Amino acid sequence: MAAASGSDLSSEMEVDAFRRLFPLHFHERHLLKSIRPDGRTLGKARDTIISLGAVTSANGSALTKIGCTTMLAAIKLEVMTPTVESPDEGCIAIDFHMPPICSPIVRPGRPADAAPVVAKQLSDTILRQLRYLWKNSGMIDLKELSLVSGKAAWMAYLDIYCLDADGSLFDAALLSAVAAFSHLQIPVVSLNDEGRIVLVSEDNGGGKLEKEPVNKEKRKLNLATIPFSLTCVLHKNYILADPTAEEESIMETLVTVVLDSSSQLVSLYKPGGPVLAHTSAIQDCVALTRQRLKELQKILNEAISDMEVD
Amino acid sequence: MEIDRGDGRKPNQLRPVACSRGILNRAHGSASWSQGETKVLAAVYGPKAGTKKNENPEKACFEVIWKPKTGQIGKPEKECEMILKRTLQSICLLNVHPNTTTSIIIQVVNDDGGLLPCAINVACAALVDAGIPLKHLAVAICCSLAKNGRVLLDPNKSEEQNMKGFVYLAFPNSIQSVLPEGSLQVGGEPVEHGIITSVTHGAMSVDDYLLCLQRGRAACEKLSVFIRSSLK
């Protein structure tokens, strides 16, 4: 009914009013012409920017923007005693925050519903807590975070702040996490007389060292396989890549595909939604993600090489 | 056929499934579902008047409360709550009771793998018991992919942890319709082949995922017959 009356009124009404009153109809009229209200084609993602090293006090950080969705990720390293079960592995703790500034839906004092869900998805994607996988195909080899077996290892705290929530939160969060890890530099540390780990500051790094540093020089983590993701909205027979918050709220069926750089499917996540995903839709979403993976890899590599020039 | 599972099951064999309804006295609808050692209870209260903040008052609203076996709820439980809520919203007729909230309380009795699929199945059974109008049921299953590339259905916890990856899938149950056969197809596929919910853990190739889909659908058809008979 609303849609029928909407089509009659569309000629007499201002565009903004029509958009607010009949949002679904407004979008469907765009989709008929294979275009979206922001001028993108259906399969095109928004412009993506990565800038590394946005937080100077952190060991690794990145600010990413996908359209208006903005994520700030920072990694802080601390020395910890590894657990008895895995004496030569470090640890990564991932948290995702949605402060009230990011969206009108988030109210001060109450945590957003989406935040713990995105945090859980992120740690599933980055850590892949399956015992068998730990050894060979996670994004980060936790053994690289070890300092002295059984005595000391790095604990990496990855915190991601959502500064502006305009759809596809998981994509932006994962991209910022990946960028922060590729920017992460592990500082030089040495053992002191009491057997404790101390940081070696860069100034007295020269010949004055009394103790042999545990790790010889600043180094970066080897990222074995880098996961990239793309969220799509399914609506009738249309597939819209990288939806904005408005599109997500109107057309509720979301599918998030995560592929890694060796083209393995890391996650295919569809939490309910009114539209059923048939095999052809799944294959289309995977194909769109493959395209997006190439774009994102290029953007990330450019950001890293820019950083090295500086 | 070679048997490579700890409990001697065949790759496509599910654990023994049991479902009972109306087990709680005070709840408007309740059900229990067990699959091997995994057992989940669900209670449905509602529809109660009014919706929560940020929900559309023109539609019925759902609230899922997940109670773990022990301890407080953490991030994994929050995620399960969200997935379950969205899954149930997609199978219910939301326009029948606008501006109401229906609460679904999931109590985990024992977790031995495949918890989320069991929770989806039990929630559906409890919604039917409470008489909430539904479009169709959601039938959920866990498919896992062994290191040798074989698909094993309904793994238990120890199997789950030694797998290359596993997928939780939910499909609509097969609809018994008076319409001529084929009229309910979407793009050459029957409706019950459409995925309502898919959650994966671990890495696999896209072809392996599609293989899991195929096996999952076949298993869900059998499960849906079981659910239909147990809800009569």
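Student: What does Val122(B) touch, leaving aside neighbours within four places in sequence?
Tutor: Val122(B) is in contact with Ala31(B), Ser32(B), Trp33(B), Val40(B), Leu41(B) and Ala42(B); contact means backbone-placed C-beta atoms within 7 Å. It's a predicted model, where local features need pLDDT of at least 70, side-chain atom pairs count only at pLDDT 80 or more, and totals for chains, interfaces and linings use all residues. Residues are numbered from 1 along each chain as its sequence is written, with chains lettered from A and ligands numbered from 1 in written order.

Student: Which residues touch the most other members of the largest nonpolar core?
Tutor: Val122(B) is one of them, and Ala173(A) and Ala177(A) are also among them, in a core of 143 residues. Such a core joins buried Ala, Val, Leu, Ile, Met, Phe, Trp, Tyr and Cys through C-beta atoms within 7 Å, buried being 20 or more other C-beta atoms within 10 Å of a residue's own.

Student: And which element gives the most to this core?
Tutor: α2(B), with 12 residues; helices are DSSP runs of H or I, at least four residues, and strands are E, at least two, numbered from the N terminus.

Student: Where does α2 of chain B lie?
Tutor: Across β6, β8 and β11 of chain B, at about 170° to β6(B). Angles run from 0 to 180 degrees between N-to-C directions of axes fitted to C-alpha atoms, for helices over the stretch in contact.

Student: What's the strand order in the sheet?
Tutor: β7-β6-β8-β11 in chain B, open and antiparallel, where pairing takes at least two DSSP bridges.

Student: Why is one side of β7 and β11 of chain B left without a neighbour?
Tutor: They stand at the edges, so each has a single partner strand.

Definitions and conventions:
Two residues are in contact if their C-beta atoms, placed from the backbone, lie within 7 Å. A residue is buried if 20 or more other C-beta atoms lie within 10 Å of its own, exposed if 12 or fewer, and partly exposed in between; C-beta atoms are placed from the backbone.
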